[in-house]
Amino acid sequence: MTVYGGDRAEYVKDAFRSAVHDQTHRPDQVVLVQDGPVSPELGVCLKELVAGSPVEVSYVPLEHNRGLGPALDAGLQAARHDIIARMDADDIAMPHRFQMQVPLVRAGADLVGAGLLEFGTGIDDIVGRRIPPSDPEDIARYSRLHDPFNHPTVVYRRSAVTAVGGYGDLPLMEDYWLFARMIAAGARVVNVSEPLVYYRVGDGAYQRRGGRDLLRSELRLQREMRREGFITGTQYVRNVVVRGGYRLVPTAIRKPFYRAIVATYGDRRNRERDRVNLERPDAGAPEKRAYVPRHARPSEPDQEPMAWPLSAPPPEQPGP
């Protein structure tokens, strides 16, 4: 988790507790990176979180604000374990998040994402839903045009991240560029289609997805992906037109477009795969139900961890 001067103490406290105290599968180590100076109130909050944590906290203060990518790279250097979970400082992890994702990494995945629920004033105020494509082939195809992972939900192998150079410093696009390099390097990737994180959205959430600064980062990202051969020349032109144009349209247009087209792609694709898989004479149509987060459902029998979805068997892993 990285924290900077613009974060609010109460949000940081809620995020930390949800990812540590409230998890059914708690982390063994928390790496808390302070990215530059913070307010006295936030400084006190961080000290209290470190002192009151039920697990070890490695506190990494950076003298100057370096930005998200370099701050995350500093956090990766301080981590002693190979399985790393990302947590934003203003989101809320569902209690079973790590219990769902960590077994997939232990079974052979290098990068595991999940769906998320966007909320406004509180987690009972759900305003949107982002479900990514879950199949590795869909993820690889989708990554040529869009970031196929919700960054606040990912769990990955540190060794797979550092093997491609870490996050680096590509402001506002560091996660997409990292995931693209991991996919290009042959990383085993998958998404849990179930939402596992509550993602906080304020009034400025969709404004921040546009503007000249983001456009400059977008163009730099596309140049890097073209230079590395991750996308073709034709895909480069398409991406500059589609993604670049998206950054310049008014928020009133960008917001409904994102929610109707981008945020729902994975859900549509996952349903289509389910339909194809179920189209057999003895299989009926799957029941459609409104989604209820697992920890909010009535008591139900424990479920086994998800099976690894690739056709090839996962590599054998050493013992814990």
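Modeller: Let's start with a word we'll need: a residue is buried when its relative accessible area is under 20%, exposed when over 50%, and partly exposed in between, using a 1.4 Å probe and counting protein chains only. This is a predicted model, where local features need pLDDT of at least 70 and side-chain atom pairs count only at pLDDT 80 or more, while totals for chains, interfaces and linings use all residues. Residues are numbered from 1 along each chain as its sequence is written, and side-chain values use heavy atoms, leaving out hydrogens and water.

Colleague: OK, so what does Asp135 count as, buried or exposed?

Modeller: Its relative accessibility is 19%. The cut-off is under 20%, so Asp135 counts as buried.

Colleague: And where does Asp135 lie?

Modeller: In the loop between strand S7 (126-130) and helix H5 (136-142). Those labels are DSSP runs numbered from the N terminus: helices are H or I with at least four residues, strands are E with at least two. Asp135 also sits 6.2 Å from Val190, C-alpha to C-alpha, although 55 residues separate them in sequence.

Colleague: Which strands pair with S9, and in what sense?

Modeller: Two strands pair if DSSP finds at least two bridges between them. Strand S5 (residues 92-93) has 2 bridges to S9, in the antiparallel sense, with Ile92 opposite Tyr198. Strand S6 (residues 111-119) has 9 bridges to S9, in the parallel sense; Gly113 there has Asn191 as its bridge partner.

Colleague: Why are S1 and S3 said to stand at the edges?

Modeller: The open sheet of 3 strands runs S1-S2-S3, with parallel pairing. S1 (2-3) and S3 (56-62) each have a single partner strand, so one side of each lacks a neighbour in the sheet. Helix H3 (residues 68-78) packs on that sheet, touching S1, S2 and S3, at about 145° to the direction of S2. Touching means heavy atoms within 4.5 Å; the angle, on a 0 to 180 degrees scale, compares N-to-C directions of lines fitted to C-alpha atoms, for helices over the stretch in contact.

Colleague: Last one: how do you know whether Val242 is buried, exposed or in between?

Modeller: Val242, in helix H9 (residues 233-248), has a relative accessible area of 41%.
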